[in-house]
Amino acid sequence: MTTNRRNFLVSGAGAGMAVAAAGVSRVAMAALPEPVLQTNPATMPPLVPSTGRAYNPVVTLNGWTLPWRMHNGVKEFHLVAEPVVREMAPGFKAHLWGYNGQSPGPTIEVVEGDRVRVFVTNKLPEHTSVHWHGQRLPNGMDGVTGLTQPGISPGKTFVYEFVARRPGTFMYHPHADEMVQMAMGMMGFWITHPKAKHPLIDEVDRDFVFLLNAYDVEPGAYTPKIMTMLEFNLWSWNSRIFPGIDSLNVRKGDKVRIRAGNLTMTNHPLHLHGHEFVVTGTDGGPTPKAARWPEVTTDVAVGQMRQFEFLADEEGDWAFHCHKSHHTMNAMGHGVPTMIGVEHRGVVREIAKLIPDYMVMSERGMADMTEMQMPLPDNTAAMMGGEGPFGSVEMGGMFSVLKVRASQKAGDYTDPGWYAHPKGSQAFEWTGAIAEPARFASEGRNSMPSHAVPGTEIEVQVRKPKGHAGH
Ligand SMILES: [Cu+2]
């Protein structure tokens with residue numbers, strides 16, 4: 001863990017904190033907690049609470065949980081809104097805005113009934129605020145600039161304080177110049193664990209969280225275009241794109257919870273292979289048991305959180321992705337014409353004499369995109385790729401892999417590598433004789449006229465609707 005603990009007082013490490021506290025003056029302890037920064041974009045291990053009530057902590061995909069300090073019975077956190085450099089995938093960095101060194105900001109974890117104080121320091125060039133999406137709180141703590149508070153000017157620090165009244169999954173984001181600040185990556189997750197056994201909140205072995213976000217960064221550029229409303233070219237989970245998104249590594253037989261919040265401008269149907277899950281909660285709270293049904297895809301609409309659970313009882317490397325196929329792609333213009341079926345290899349050879357880098361894409365579909373030696377600008381990610389054990393996975397964007405292994409240890413989140421399929425359990429190439437397909441005698445009559453067979457032409461009578469001038 002490479003959390004940069006500039007002051008270990010804030011780490012909440014029980015014994016260390018007590019020793020340090022003895023030698024620190026009352027004035028120093030009354031000061032606001034030193035901010036903790038994160039420099040590593042990898043998935044950090046869960047932060048097991050060392051003070052306050054115990055709970056089973058979450059794991060933030062390609063993210064981390066913010067340490068706190070206990071101060072007179074109050075859980076104190078320090079968020080710093082600031083420009084950050086986020087590695088969105090290996091070889092591709094974006095200049096975003098975020099919190100404490102990363103975009104999204106760190107996950108905040110508390111327990112139902114906790115009194116929470118969050119210091120927010122603004123190091124952005126313009127004012128900001130923090131809205132605590134979904135929380136029950138005093139109106140003046142809701143963080144809406146102009147409505148419930150003045151904006152936090154650059155260089156200033158504001159204090160938010162409220163009791164985490166209901167357990168659940170929440171988000172935080174600015175409510176100030178919102179379009180710009182969210183397009184730049186300012187957002188984070190907030191988990192309030194139940195204080196006791198809750199009839200609608202089950203204990204789980206693994207609890208993953210991530211935010212759905214989207215950016216528009218031109219290939220070779222570093223800063224998102226903030227005016228984009230629909231045509232984003234980077235569809236990310238926690239500001240990471242496949243193959244930069246870590247896999248979700250679990251043990252066979254684990255009960256797994258995934259919580260995903262959507263702060264993009266469109267919906268994302270999240271689809272899991274090989275298992276069925278139930279949606280157990282939304283930002284509004286736990287779902288009544290009678291309102292749960294099995295799914296393999298759940299749509300997460302704009303501004304929503306969906307929390308779903310399943311038993312990971314099938315070993316393997318299971319794809320887990322947004323089912324909008326354009327959202328499992330990385331940066332590339334959408335102005336690429338469909339070339340399937342167009343034979344132009346000869347033409348390319350001629351043009352290549354004049355323009356050496358010239359290439360025509362996708363005359364046999366687009367799978368060959370992953371093999372092409374297309375020169376990419378310095379700072380971007382391939383449109384689709386990600387090496388699997390059998391070649392390119394041909395994916396990008398909102399895609400990851402659920403890795404279920406009997407050999408994974410409890411609480412171990414390390415990547416077990418690729419799945420070794422048991423003999424006889426994998427699709428394989430047929431090398432025997434292939435018989436002509438049997439056809440129905442009536443085939444082709446209604447849909448595809450078969451000109452290959454003489455005497456089978458069909459007469460079609462078209463009856464035009466009365467008064468309709470067209471066809
Ligand atoms: Cu999507």
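**Briefing on a predicted model**

An open sheet of mixed pairing is formed by five strands in the order β13-β24-β21-β15-β19, where strands (E, at least two residues) and helices (H or I, at least four) are DSSP runs numbered from the N terminus, and two strands pair if DSSP finds at least two bridges between them. This is a predicted model, in which local features need pLDDT of at least 70 and side-chain atom pairs count only at pLDDT 80 or more, while totals for chains, interfaces and linings use all residues. Residues are numbered from 1 along each chain as its sequence is written.

- Strand β15 (residues 268–272) pairs with β19 in the antiparallel sense over four bridges, and Pro 269 stands opposite Asp 299 in β19.

**Strand β5**
- Strand β5 (residues 108–111) is covered on both faces, with Ile 108 and Val 110 buried on one side and Glu 109 and Val 111 buried on the other; a residue is buried if 20 or more other C-beta atoms, placed from the backbone, lie within 10 Å of its own.
- β5 and strand β10 (residues 188–193) pair in the parallel sense over four bridges, and Ile 191 in β10 is the bridge partner of Glu 109.

**The whole chain**
- The protein chain holds four helices and 24 strands, and 38% of its 471 residues are buried.

Methods: Buried ≥ 20, exposed ≤ 12 C-beta atoms within 10 Å, placed from the backbone.
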